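Subject: Structure for your review

Hello,

Please read the notes with the coordinates open.

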Amino acid sequence: MKKILLSVLLSAPLWVLGQGFQVNLQGQKQIGMAGAGSALALDEASVFYNPGAVSFLEKNSVSAGVNPLLFKSAFKQTGSNVTENVKNKIAPPFEFYAVWGPKSNKWKLGLGVYTPFGGLVDWGNDWSGRYALTSLNLKAIYFQPTLSIKITDRIGIGAGFVYNHGDVNLQRALPVNFPDGRSGHATLEGTGKGYGWNAGLYIKTLSNISFALVHKSKVITKLDNGTAEFDVPGSLRSSFPAGNTFSAELPLPSTTSLGVGIPLSQSTTLAFDASWVQWHIYQDLSFDYASNTPALADTKSARNYRDGSSFKLGINHQASEKLALRAGVGYALSPVQDGYVTPEAPDADRYILSAGLGYTPTRHFEVNASFFFEDVKSRKQRNIETGLDGTFKTLVYAPGISLTYKW
Amino acid sequence: MVGEFKMKKYILNSFIAAAILFAAACKPEIETPAGTTAGQANFSKYIAVGNSLTSGYADGGLYLEGQKVAYPNLIAAKMSSVGGGAFTSPFFNEDRSNGSGYLSLSALVNGSPTLTQVTDKLAYRDAAKHLDKYSSEIQNLGIPGMRVDLSFDPTLTFSAANPFFERLLTDAQVGKTNYFQYIQGRNHTFFSIWLGNNDVLGYALNGAVTVPGDPTTVLTDKVTFSSLYANLLNALTAGGQKGIVATIPDVTAIPYFNTVKPSLLLAAAKASNPAAQAVFIQTGTGAVRVATDEDLIRLPFQSAGLFGQGTIPYGLHPLNPIANSWVLDKDEVIKVKDYVNSYNSSIKSIATSKGLAIADTYAYFNQVKAGVVVQGIGINAAFISGGAFSLDGIHLTPRGNAVIANVFIDAINAKYGSTIPTVDVTQYRGVKFPDSK
């Protein structure tokens, strides 16, 4: 007689990307300076920060580093007296770089493997936002072969091709109950790929003040044939067929950065970066399920992101021949508009503080360490789509270390 | 050189150690600006006056799981952080937890539900279906079937006739008291009252047919309602107590009246007999006519096994229309709505004159009818899938109770400047779906 329509169960969004998913941890020296340094030919991480500066590196080198990241987010429902916290899980953003070119030549080749986007958030299966999200594990790994050329003694250009391998596992509870009262559960898992590029210009003026202009293109990452698993009571199985798959598209935005490097003295350099992250490409998120039912329709959720931006100021001080000290401050403006904040990326404007040091025991080896801290402002929100109503507050801690071999 | 190397290694090590310690220690904090206060209210002894909704009745029965999540119990639990005391309810025993018995959803085939009566662990103490007595003092005073007019039952017989009332009374009280007397003398500091629904529902649920000699099917006179309601509030505020009243939902906002629609019946009839032309009903005036979706057919008709039966197919021919008692026809709907509006304006004006908080459940259920999204859960007034209403199509699921508890809490906080925390709706279930196919 009357069909049970459950489409409302899935009308809510399944994921969203935010500034929170842009991971600004791609080189220990730059991290120590809050992420500034595109206008400095500091090290092999310039493959990411500015391919144009790579040809100005004096040595060939390989390096590998990791930044165990702790994303500590808390949520308090509006009107509630209970604060809920994400579980302590450590995400491992990493970076690997190699730079090589014949000595005293005008070009260098580079390779970068790094993680510019990602998120690891696990709120648990019982928290009050579980019908919006229980956990998300998102990783984007960029592979970037790069060529950099010194056009003159003071101008370098470089460009790299980007291949992205993306992994996503997203879970949420479904508001249908089993006979024992527990909720249903949805798990979407898949891998995807996308392509893009990264190009930069490096200019060193006669006063030794340097400038950078870098553009990292958007990378539209396509997920095909991801698995969509729905744990629902047997009587609803026909509405959520087993063995279902989905496809989706993740638009990872382009970033344009302007950088300035100012030598304050022989041993001290100031770096400033302003970045414009073109999140406006993220207007909606669509899921296309292989099998549709009246309860499981394809979804298209409005995101309406605006562009985000960040401003970072860092200082690098060579305390001795072997020891370098770094510090930085920054501020980032969120691309997420009111009404679109979600528990997977509880985004808001944020402050950045960082410190770092480098130690060079021998001519060939270098160790760099950094500590990166973000204070994401508290944000009270009612999500337009899920009705999730409460205040988010997030702190991010990421200590990091890298090893470099130079020759 | 060696010394310098050691020192720098030490710096590096302490740097990393400090960083890790710092990260582990620092948790984000979220301040609650309003703090914790009872405001101008005193929640130390809260009593809840009402009917089945207040008692936790659900799925066509009163049983322990429903009692535990009745909205007053959810509110009382939250009051504890702002000076609320213990809150006692007439719970059934664990071993007789199914109380009066209730409906469960045993199958769902192509979207058609099969409802089955739960018959184990019942709490009947005799063959006449009297329920187990509960004699300790209680604060959840909700009694299924209670009405404003019958609260003042001059014959005092309703206390014996209503098994949910009878179980709360001593043998000496049975047949010798009424609800108005029963709720008094409880030394409360705060109260809620959600009463009056049955003054119109009892009539509507019987298809707007008053059964002679059955006071539960009477439509309470508007003026009588107003004066009796004022008496109730006078008694409850006799010691200057603060409290909250709730309005009565529109009857068309519940699945009991919005699930079985003439258009759906006709579509089902046409599927098996393309010759079916229209659905016929007998109206309250005795006239027979073609039904439209403005005529509301009661939910149990779905499983009554009547439709289309007989040589003159039931409900599909003017000579064999759907009987008046199954139907709230559109004129009866108008009448019932008019009474609800009248009751509600009385409730609101009396409450306002006494400075009480008002939980406007009438307005809220109208929102639910259109559909709301609460903390990621879509909730609406659809039968079974809507999540708010239990399997009887009238009473609330645990999720529905949680949502309504917050309507009360928000109204109390707004009126008295208190900060009773809200209930986390996501912790409460909707309808239980069978796990078998």
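The model is predicted.

**Confidence**

The model has an ipTM of 0.86 and a pTM of 0.89. For chain B the average pLDDT is 92, and 93% of the residues score at least 70. Where pLDDT is low, the predicted coordinates should not be read in detail.

A:Asn208 is not a glycine, yet its phi is positive, at about 70 degrees. Is A:Asn208 buried or exposed? A:Asn208 has 11 other C-beta atoms within 10 Å, and the cut-off for exposed is 12 or fewer, so A:Asn208 is exposed.

On the β9 side, A:Ile203 belongs to strand β9 (residues 183-204) of chain A. A:Ile203 has 18 other C-beta atoms within 10 Å, which makes this residue partly exposed. Leaving out residues up to four places away in sequence, A:Ile203 touches A:Arg154, A:Ile155, A:Ser210 and A:Phe211. A:Val260 is 57 residues from A:Ile203 along the chain, and their C-alpha atoms are separated by 9.5 Å.

On the β10 side, strand β10 (residues 210-216) of chain A runs antiparallel to strand β13 (residues 255-263) of chain A, and 7 bridges join them. In this pairing A:Val214 stands opposite A:Ser257 of β13(A). β13(A) is also joined by 9 bridges to strand β14 (residues 268-277) of chain A, again antiparallel. A:Gly261 has A:Ala271 of β14(A) as its bridge partner.

**Chain B: overall**

Chain B contains 15 helices and 12 strands. Its C-alpha trace spans about 110 × 60 × 45 Å along the principal axes. Of the 437 residues in chain B, 51% are buried. Among contacts in chain B between residues at least 6 apart in sequence, 73% join residues at least 24 apart.

**Nonpolar cores**

Which residues have the most contacts inside the largest nonpolar core? They are B:Val200, B:Ile244 and B:Phe408, in a core of 202 residues. Helix α15 (residues 398-416) of chain B gives the most to this core, with 9 residues. Apart from this core lies another, of 10 residues, including A:Ala74, A:Val277, A:Tyr282 and A:Phe392.

B:Val200 touches B:Leu219, B:Ile248, B:Val251, B:Val336, B:Tyr339, B:Val340 and B:Tyr343, not counting residues up to four places away in sequence.

**Helix α13 of chain B**

Among the residues of α13(B) that are buried are B:Val336, B:Tyr339, B:Val340 and B:Tyr343, each of them also a contact of B:Val200. The buried residues of this helix include B:Glu332, B:Asn344 and B:Ser346 as well. An α-helix has 3.6 residues a turn, so residues three or four places apart point the same way.

The length of helix α13 (residues 330-353) of chain B can be checked: at 1.5 Å a residue its 24 residues should span 34 Å, and the end C-alpha atoms are 35 Å apart, which agrees. Just after α13(B), B:Gly355 has a positive phi of about 70 degrees.

In helix α14 (residues 361-370) of chain B, the buried residues are B:Thr361, B:Tyr364, B:Phe365, B:Val368 and B:Lys369. They cover an arc of only 150 degrees around the axis, so they lie on the same side of α14(B). The buried residues of α14(B) pack against β5 (242-246), β10 (357-359), β11 (372-374), β12 (377-379) and α15 of chain B. After α14(B) comes B:Gly371, with a positive phi near 105 degrees.

B:Gln375 sits in the loop between β11 and β12 of chain B. This residue is not a glycine but has a positive phi of about 45 degrees. Why does B:Gln375 count as buried? Because 26 other C-beta atoms lie within 10 Å of B:Gln375, and the cut-off for buried is 20 or more.

Regards

Notes:
Residues numbered from 1 in each chain as written. Chains lettered and ligands numbered in written order. Predicted model: local features only at pLDDT ≥ 70, side-chain atom pairs only at ≥ 80, totals over all residues. Helix = DSSP H or I, 4+ residues; strand = E, 2+ residues; numbered from the N terminus. Expected span 1.5 Å × (residues − 1). pLDDT = per-residue confidence, 0-100. Pairing = 2+ DSSP bridges. Contact = placed C-beta atoms within 7 Å. Core = buried A, V, L, I, M, F, W, Y, C linked by C-beta atoms within 7 Å. Arc of directions from axis to C-beta.
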